[in-house]
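Please read it alongside the sequence and the model.

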Amino acid sequence: MSLAEKIQTDIVVAMKAKDELRLSVLRMVKSAIQLKEVEKIRKLDDTESIQLLQTILKQRKESIDQFTKGNRPELAEKEKKEAAIIEEYLPAGASAEDMDAAVTKAIAEDGCGREVRKSGT
């Protein structure tokens, strides 16, 4: 099942559950995907859909920052809830430990013999 199909299925579930916030967010995401598909004149693959969701999430995080700076905690809280819903559809990111391990492995495989220092030490 593609990401767009999963979102459509979850829209139906949110409608039945009368979850207005989730329904609103999912409809917004679906509209953004459809708009991008019209621009590209084709269906988006999951990678493109994920990139679009990451852009939407970034916008939400910027809004949270602005609302917090503008002393509008109620709007910031709404954006946080929307961001949490969007994050459910994104793949889990790598942890800092995973990234360090990958970098260490890549350096070891490089075999250049150069000394590499980690930042912050």
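A residue is called buried when its relative accessible area is under 20%, exposed when over 50%, and partly exposed in between, using a 1.4 Å probe and protein chains only. By this criterion, 23% of the 121 residues of the chain count as buried. The model is predicted, and local features need pLDDT of at least 70, side-chain atom pairs count only at pLDDT 80 or more, and totals for chains, interfaces and linings use all residues. Residues are numbered from 1 along each chain as its sequence is written, and side-chain values use heavy atoms, with hydrogens and water left out.

**Overall fold**

Helices (H or I, at least four residues) and strands (E, at least two) are DSSP runs, numbered from the N terminus. The chain contains five helices and zero strands, in the sequence order α-α-α-α-α. Contact means heavy atoms within 4.5 Å. Among the contacts with a separation of 6 or more, 51% are between residues 24 or more positions apart.

**The nonpolar core**

A nonpolar core is a set of buried Ala, Val, Leu, Ile, Met, Phe, Trp, Tyr and Cys residues joined through side-chain atoms within 4.5 Å. The largest one here comprises 19 residues, and Ile7, Val29, Ile33, Leu53, Ile86 and Tyr89 have the most contacts inside it. At least two residues of this core come from each of α1 (3–17), α2 (20–40), α3 (46–69) and α4 (73–87). Helix α2 provides the largest share, five residues. Not counting residues up to four places away in sequence, Ile7 touches Leu26, Val29, Lys30, Ile33 and Tyr89.

**Helix packing**

Two packed helices are described by the angle between their axes and the distance between the axes. Axes are lines fitted to C-alpha atoms, for helices over the stretch in contact, and angles run from 0 to 180 degrees between N-to-C directions. A crossing is left-handed if the near helix is turned anticlockwise from the far one by less than a right angle, and right-handed if clockwise.

| Helix pair | Angle | Axis separation |
|---|---|---|
| α1 and α2 | about 155° | 9 Å |
| α3 and α4 | about 160° | 9 Å |

Helix α3 is therefore roughly antiparallel to α4, and α1 and α2 are likewise roughly antiparallel to each other. Angles under 35 degrees count as roughly parallel, over 145 as roughly antiparallel, 65 to 115 as roughly perpendicular and the rest as oblique. The crossing of α1 and α2 is left-handed, and that of α3 and α4 is left-handed. Residues of α1 that meet α2 include Ile7, Ile11 and Met15, while their partners in α2 include Leu26, Val29 and Ile33.

Glu82 lies in helix α4 and is buried, with a relative accessible area of 6%. Its side chain forms a polar contact of 2.8 Å with that of Arg60. Such a contact is a pair of N or O atoms within 3.5 Å; within protein, one must be able to donate a hydrogen and the other to accept it, and residues adjacent in sequence count only if both atoms are side-chain atoms. Beyond four places in sequence, Glu82 touches Leu21, Val25 and Arg60.

Arg22 belongs to helix α2. Leaving aside neighbours within four places in sequence, Arg22 is in contact with Ala14, Ile85, Glu88 and Tyr89. The C-alpha atoms of Arg22 and Ile86 are separated by 9.3 Å, although these residues are 64 residues apart along the chain.

**Loop residues with positive phi**

Lys18, in the loop between α1 and α2, has a positive phi of about 55° although it is not a glycine. Lys18 counts as exposed, at 65% relative accessibility. Ile41, in the loop between α2 and α3, has a positive phi near 60° and is also not a glycine. At 75% relative accessibility, Ile41 counts as exposed.
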